Amino acid sequence: MKTMLTILSLATAVHAASAMAQTRQAPARSGHVAANGVNYYYEIHGKGEPLLLLHGGLGSIELFEPGLPELAKSRRVIAVDLHGHGRTELGERPISLIDMGDDMAVILKSLGASQADVLGYSLGGGVGFRLAVQHPAMVRRLVLVSAGFSQDGFYPELLPMQARVGAAMAEQMKDSPMYKSYVARAPKPEDFPRLLDRMGEFMRQPYDWSEDVKKLQMPVMLVYGDSDMFRPEHIVRFYQLLGGGLRDAGWQREHMSRNRLAILPDGTHYDMFLAPALVPTVLPFLDGKKGSAQGAKGS
C-alpha cells in the first residue's frame with residue numbers, strides 16, 4: 001500500500017507537469033536516435049550552448065515543465081525520453097544507468113554536440129552521473145537534482161517499497177495520471193506492466209559509486225529538497241566526496257570548492273522538478289558565474 005501511495009504521489013506531480021505541457025511551445029526539432037539497440041526520442045528547444053535534460057523515472061520530457069522554456073531562452077536544450085519512458089520504446093534490454101550513460105554519449109554525438117552541460121533529475125540524474133563518469137570529456141558542467149551515489153542514501157523504509165514495484169501494480173494504476181500520461185505517448189502502451197517490472201528489477205540492484213564520484217573532473221552541482229527521499233547525511237557525504245564542505249572557504253574564497261550544493265526549502269523528491277526556484281538556482285552555475293551576486297564570469 002505504501003508503495004502505491006509513493007507512486008501515486010509522483011503520479012500527481014507528473015499530471016501537474018503534463019497539464020502545463022499542454023500549452024508549451026513546439027520543439028525546434030524532434031525525432032529519434034538509435035543508441036545501442038534503443039530508439040530514443042528527443043526534442044531540441046532554444047539556441048545556445050547545449051544542455052542535455054534528463055527526466056525522472058516513470059516520467060517523460062514533459063516532466064520539466066514549466067522550467068524547460070526558461071532554460072531554452074539561453075540554451076540549446078536537448079531533452080530525451082529515457083529508455084522505456086515517454087516516446088522511447090522499452091524493447092528487451094534491462095533498465096541500466098550504466099548503459100543509458102553510454103547511450104547519451106551516442107545521442108549527443110549524433111546531434112552534433114561534442115560536449116554539453118547536463119541536468120538530470122532522479123533517474124535522469126543517475127544517467128547524467130554515469131555519462132560524466134564514462135565519457136568525462138563530453139560533460140562540461142553537471143547538475144544532479146535529487147540523485148544519490150549509493151543505495152544506502154535512501155531512507156531505509158523506502159528500500160522494501162522500491163523492491164515491490166512490479167507489473168502487479170499496473171491494474172491499480174490504470175486510473176492514475178501517470179498511467180494515462182504513459183499510454184498517451186508510449187509507442188507500445190501495453191508495455192506499462194513490463195516497464196514496472198523492469199523498474200522494480202533496476203531498483204532492487206544494490207550500488208555504491210562513491211569511488212566514481214571522486215573521479216569527476218568537471219564542476220558539479222547537487223540540488224535537493226529539504227524533505228527529499230535522500231538522507232541529509234548522504235547529501236553531505238556526496239558533497240564532501242566532490243571536495244566541498246571540508247573547510248572554511250576563506251575571506252577571499254581561496255579555499256572554496258568549485259562544486260556547489262543547494263537545498264531548496266519546502267521541496268520533496270516528488271515535486272523538485274516543479275519547484276519555481278530550480279531553474280534560477282542552477283542557471284548561474286551552468287553559466288559559470290561565481291560570487292555572492294553570481295555576476296562574475298567563471299572559468
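Guide: Let's start with Arg198, which counts as buried at 10% relative accessibility (buried means under 20% relative accessible area, exposed over 50%, partly exposed in between, with a 1.4 Å probe and protein chains only). This is a predicted model, where local features need pLDDT of at least 70, side-chain atom pairs count only at pLDDT 80 or more, and totals for chains, interfaces and linings use all residues. Residues are numbered from 1 along each chain as its sequence is written, and side-chain values use heavy atoms, with hydrogens and water left out.

Visitor: Which side chain meets Arg198 in a salt bridge?

Guide: That is Glu92, at 3.9 Å from N to O (a salt bridge is a side-chain nitrogen of Lys or Arg within 4 Å of a carboxyl oxygen of Asp or Glu). The pair links distant parts of the chain, 106 residues apart.

Visitor: And is Glu92 buried or exposed?

Guide: Glu92 is exposed, with a relative accessible area of 67%.

Visitor: New topic: how many salt bridges are in the whole structure?

Guide: A search finds 17. One of them joins Glu62 and Arg185, whose closest N and O atoms are 3.3 Å apart.

Visitor: Are Glu62 and Arg185 buried or exposed?

Guide: Both are buried.

Visitor: What about Arg87?

Guide: Arg87 forms a salt bridge with Asp81, with the closest N and O atoms 2.9 Å apart. Arg87 and Asp81 are buried.

Visitor: Which residues are linked with Arg87 in a network of salt bridges?

Guide: Glu62, Asp81 and Arg185 are linked with Arg87 in that network.

Key: Helix = DSSP H or I, 4+ residues; strand = E, 2+ residues; numbered from the N terminus.
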